[in-house]
Amino acid sequence: MKIKDIQNALNSQYSEREEVIEGLMVALIARQHALLIGPPGTGKSALVSDLTKRITGANYFQWLLTRFSTPEELFGPVSLKELEQGVYKRNTTGKLPEAHTSFLDEIFKANSAILNALLTLINERVFYNDGAPAQVPLMSLIGSSNEYPEEGEGLEALFDRFLLRYEVDYIGEDQSFISMLKGSAPSPADMSIDELFELQFFSDTVTIPDEVFDALSKIRRELMDEGIRPSDRRFKQVLSVIRAKAVLAGRDHAELEDLMILKHSLWEKPEQRDKVAKIVRNHAQDAVKTRVEEIKTEAADILKSLEQSNNSTDVAVESTKKLKSLVIELRKLQKDSPNRTEVAQAVALVQKSLTDIASQVLGV
């Protein structure tokens, strides 16, 4: 599929952005909106711009919002010709109401003069021009911000409009960082907007089996037990994301593993992200994969604690013990499931962490 070629091209060009790229592709197929949160300089705008330019024939609108942005900047200036006739109508040519895809940087800087029109346009795909509702062609709006909106700013409704939310941080791995510095020639992969329309149509026909619905019900119940209550509307909307995830995988039916993307959708506050991810993972992955992911997270936490201790020798010794116990558990998983490549990869990852501690801290 051409959209898979675009995904692979972006993955090779943007290091450590696989999940974000997948989310953006899914958002396009599902006709949903996505939000990218992260510090400046993490490549958010470059990634979105690169992706949207690969959809030939699609109108694209990009803008950086500030506290002083005016409605004219997003929705177009008032037509002087119409105004002479007593009609207050905007000229929307080249502006957001005529875009198929859009990227609004620092979206939470939207002021009240912009917010209401923006909410209606995002949610209902309708723009009121001189009081008359006009349907807009918008498929996906990608918003970005350096930080989450603060409570009391009146931005809760805007935040809720984004079905997929991703945190984008600086590159972590040294090799990925070096790859970013070296850069790579952009791949020519692209697709037409008509081909995207076909994928969107096909997505609507994807079947969702009962086991996926049952898993969704269990996820909802466990989230409620944790005090996390996504709305019924949100659960209904995520069905489009599940279907789009199946399309991206080349299937005409959803599978349990497609639910994994919901870890980017079902949380309401940043501090709920880890709980939501764990609950979703427990229902979307088999036991081996779930435990491997947990071990990788534990290993990362161990290394983070060591770094925070300024590579204390005592902490390094304790970290080594913990990592060795994780290797032992992984070896057992590997013995019980010899064909699972993710187990072997996790063993290599934790072993590398042990080697790094020995060389950097203990001088071995």
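**Cavities, pockets and charged pairs**

Reply: The largest cavity holds about 40 Å³ of space. The model is a predicted one, in which local features need pLDDT of at least 70, side-chain atom pairs count only at pLDDT 80 or more, and totals for chains, interfaces and linings use all residues. Residues are numbered from 1 along each chain as its sequence is written, and side-chain values use heavy atoms, with hydrogens and water left out.

Me: How many cavities of 30 Å³ or more does a search of the whole structure find?

Reply: Rolling a probe the size of a water molecule over the atoms shows where empty space is left. Here the search finds 1 cavity of 30 Å³ or more. On a 1 Å grid over the protein atoms alone, a cavity is a set of points where a 1.4 Å probe fits but cannot get out, whereas a pocket is an open set with protein on both sides within 12 Å along at least five of seven lines; lining residues have an atom within 4 Å of a point. Grid points are joined across faces, edges and corners, and a volume is the space filled by probe spheres set on the points.

Me: Which residues line the largest cavity?

Reply: The lining consists of Leu24, Leu28, Val48, Leu51, Thr52, Thr101, Ser102, Ser140 and Ile142. At least two residues each come from α2 (18-30), α3 (44-53), β4 (101-105) and β7 (140-145), and α3 gives the most, with 3 residues. These elements are DSSP runs numbered from the N terminus (helices: H or I, at least four residues; strands: E, at least two). By class, the lining has 5 nonpolar, 4 polar and no charged residues (nonpolar: Ala, Val, Leu, Ile, Met, Phe, Trp, Tyr, Cys and Pro; charged: Asp, Glu, Lys and Arg; polar: the others, Gly among them).

Me: What volume does the second largest pocket have, and what lines that pocket?

Reply: The second largest pocket has a volume of about 400 Å³. It is lined by 19 residues, of which Pro149, Glu156, Phe159, Glu268 and Lys269 are the closest to its centre. Helix α7 (residues 156-160) gives the most to this lining, with 3 residues. The lining divides into 7 nonpolar, 2 polar and 10 charged residues.

Me: How many salt bridges does the structure hold?

Reply: Side chains of opposite charge can pair when their charged atoms come close. The structure holds 21 salt bridges, each a side-chain nitrogen of Lys or Arg within 4 Å of a carboxyl oxygen of Asp or Glu. In one of them, Arg233 pairs with Asp160, the closest N and O atoms being 2.4 Å apart. Arg233 lies in helix α11 (residues 232-248) and Asp160 in helix α7, so the pair ties together parts that are 73 residues apart in sequence.

Me: Which residues form salt bridges with Arg291?

Reply: Glu298 pairs with Arg291 at 2.9 Å between the closest N and O atoms, and Glu329 pairs with Arg291 at 2.6 Å. Glu329 lies in helix α14 (residues 313-336) and Arg291 in helix α13 (residues 287-308), so this pair ties together parts that are 38 residues apart in sequence.

Me: Is Arg281 buried or exposed?

Reply: Arg281, in helix α12 (residues 273-284), is buried yet has no salt bridge (buried: under 20% relative accessible area; exposed: over 50%; partly exposed: in between; 1.4 Å probe, protein chains only). The nearest side chain of opposite charge, Glu294, is 5.1 Å away (Lys and Arg count as positive, Asp and Glu as negative; His and the chain ends are not counted).
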